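Please keep the sequence and the structure in view while reading.

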There are 2 protein chains.
Amino acid sequence: MGLSERRIRERLDTRQSILATARELFLLKGFEATTIRNIAEKIEYSPSTIYQHFKDKNEIFYTIHSEAFAELVRYLNASEMHKNPMDQLIALGQIYIQFALENPELYDLMFIMEAPIDFLNYLEDANWIEGKMAFDYLKSVIANCIQQGLIKETDLESLSYLIWSTVHGLVTISIRKRGLKIGLSDPDTIIQRSFTIFSHLLVKS
Amino acid sequence: MGLSERRIRERLDTRQSILATARELFLLKGFEATTIRNIAEKIEYSPSTIYQHFKDKNEIFYTIHSEAFAELVRYLNASEMHKNPMDQLIALGQIYIQFALENPELYDLMFIMEAPIDFLNYLEDANWIEGKMAFDYLKSVIANCIQQGLIKETDLESLSYLIWSTVHGLVTISIRKRGLKIGLSDPDTIIQRSFTIFSHLLVKS
DNA sequence: TTTTTTAATGAACAATGTTCTAAAAAAAAA
DNA sequence: TTTTTTTTTAGAACATTGTTCATTAAAAAA
């Protein structure tokens with residue numbers, strides 16, 4: 001009893017190819033247009049095989065969402081080159097925005113779409129650890145800023161939520177196509193300008 | 001040629017009942033779960049009849065979205081009781097947040113969901129006038145603030161986009177269920193607190 | 001009354017996520 | 001090696017979905 005090494009490896013391989021194909025199709029055509037049959041056809045398996053590896057479509061995209069968080073963290077790590085926590089905080093925001101603009105579909109999946117959260121709700125222990133860890137990291141940097149007197153002291157949780165909300169808002173208006181449609185300047189430019197204004201507002205006065 | 005008064009009235013009536021039913025089901029069960037057949041059954045018509053009044057499902061929800069904007073404007077009008085433009089701006093933000101928290105599904109439809117924008121894209125002249133008018137109104141209030149020296153002078157468009165983004169971000173993290181899942185305090189409370197911090201940041205220093 | 005226009009329907013299509021039963025393949029036991 | 005058991009895969013099927021189209025019913029115009 002117990003599966004042989006090779007069998008385990010094979011299972012993992014097909015699982016990975018499901019994920020890779022799902023991600024590829026998702027980035028190409030979006031969530032709705034990425035069908036189970038589509039994925040199955042591409043990896044040359046029947047649709048039902050996919051359900052041996054994932055409970056449903058939501059779980060597939062929850063997994064892609066988790067991997068995308070690993071990528072975001074890789075992006076954010078670059079902020080640690082700054083010794084001054086205020087510089088790091090600004091870098092954090094800028095990188096976050098950059099990630100969102102370079103990977104709009106992934107950002108959508110991570111922070112807007114319902115699929116991954118729906119899967120989370122299906123689990124008993126429905127904790128969004130990916131989001132929690134990223135938010136805690138942001139909080140720690142902001143805490144440093146306050147501690148060094150670079151930002152006026154306020155409730156850490158609320159301030160962190162505000163800062164997250166601001167960058168989130170900046171990019172989501174664009175990602176969900178509300179910006180272009182009201183005759184605004186180039187999205188990337190206006191997002192950058194707005195973020196600059198925001199960062200100036202943030203520094204202690 | 002030409003339809004009789006009564007016929008026109010009847011057509012408008014069924015159109016309205018389609019919209020009313022669609023909205024009711026939408027608020028109750030969401031966009032995906034609101035099916036054409038569902039709506040048809042409730043108004044005692046066949047599904048195909050609905051397509052005599054609307055091109056597709058997106059157009060129905062684009063129309064509901066437009067009506068929701070009229071409601072939002074009614075909300076926002078209350079801000080004009082303030083003579084001081086800074087007070088008005090803050091009231092504007094607070095009312096905007098209130099509207100979003102009291103009507104999360106409508107807010108979602110107006111500012112997050114793809115359906116209304118998809119319908120807009122199908123039209124040749126794809127201008128989101130509802131959004132543009134609301135944004136222009138916000139801009140005018142902010143312009144007053146700058147003019148009276150209540151807010152530091154900056155690029156009006158970018159600042160307006162920033163302020164919109166911030167309140168939009170505050171409420172969308174909650175609406176798309178990213179807030180609850182990271183062990184945050186009660187959404188309404190933290191949104192209020194964050195907005196208060198933001199409004200303090202805004203006033204000129 | 002007859003003709004023409006308008007309104008409404010019912011059946012049908014292609015596609016979706018998902019499930020379930022049966023077959024094929026591989027591994028374990030004899 | 002042969003038999004039995006377990007695992008993997010597939011295929012057909014289900015219920016639903018948005019949408020279209022030919023046909024019928026109803027109303028208006030002639």
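## Surface near DNA strand C

By class, the surface near DNA strand C comprises five nonpolar, seven polar and seven charged residues; here Ala, Val, Leu, Ile, Met, Phe, Trp, Tyr, Cys and Pro count as nonpolar, Asp, Glu, Lys and Arg as charged, and the others, Gly among them, as polar. A residue is near a strand if its C-beta atom, placed from the backbone, lies within 6 Å of it.

Two or more residues each are given to the surface near DNA strand C by α1, α2 (36-42) and α3 of chain A and by α1 and α3 of chain B. The greatest contribution is that of α1(B), with three residues. Helices (H or I, at least four residues) are DSSP runs, numbered from the N terminus.

## Basis of the model

The model is predicted: local features need pLDDT of at least 70, side-chain atom pairs count only at pLDDT 80 or more, and totals for chains, interfaces and linings use all residues. Residues are numbered from 1 along each chain as its sequence is written, while chains are lettered from A and ligands numbered from 1 in the order in which they are written.

## Surface near DNA strand D

DNA strand D is surrounded by 20 residues, of which A:Y45, A:S48, B:T35, B:S48 and B:D56 are the closest. The elements giving two or more residues to this surface are α1 (5-29) and α3 (47-50) of chain A, and α1 (5-29), α2 (36-43) and α3 (47-50) of chain B.

With three residues, α1(A) gives the most to the surface near DNA strand D. The residues of this surface divide into five nonpolar, eight polar and seven charged.

## Contact between the chains

In the interface, 41 residues of chain A are in contact with 40 residues of chain B, two residues being in contact if their C-beta atoms, placed from the backbone, lie within 7 Å. On the side of chain A that touches chain B, two or more residues each come from α7 (115-122), α8 (129-147), α9 (156-175) and α10 (187-202) of chain A. The most are given by α9(A), with 12 residues. This side of chain A has 19 nonpolar, 13 polar and nine charged residues.

The same surface serves both copies, as 98% of the contact residues of chain A recur in chain B.

## Domains of chain A

An automatic or database domain assignment gives chain A domain 1 (1-54) and domain 2 (56-202). The C-alpha centres of the two domains of chain A lie 29 Å apart. Their contact takes nine residues from domain 1 and 10 residues from domain 2.

On the side of domain 1 that touches domain 2, the largest share, six residues, comes from α1(A). That side divides into eight nonpolar, no polar and one charged residue.
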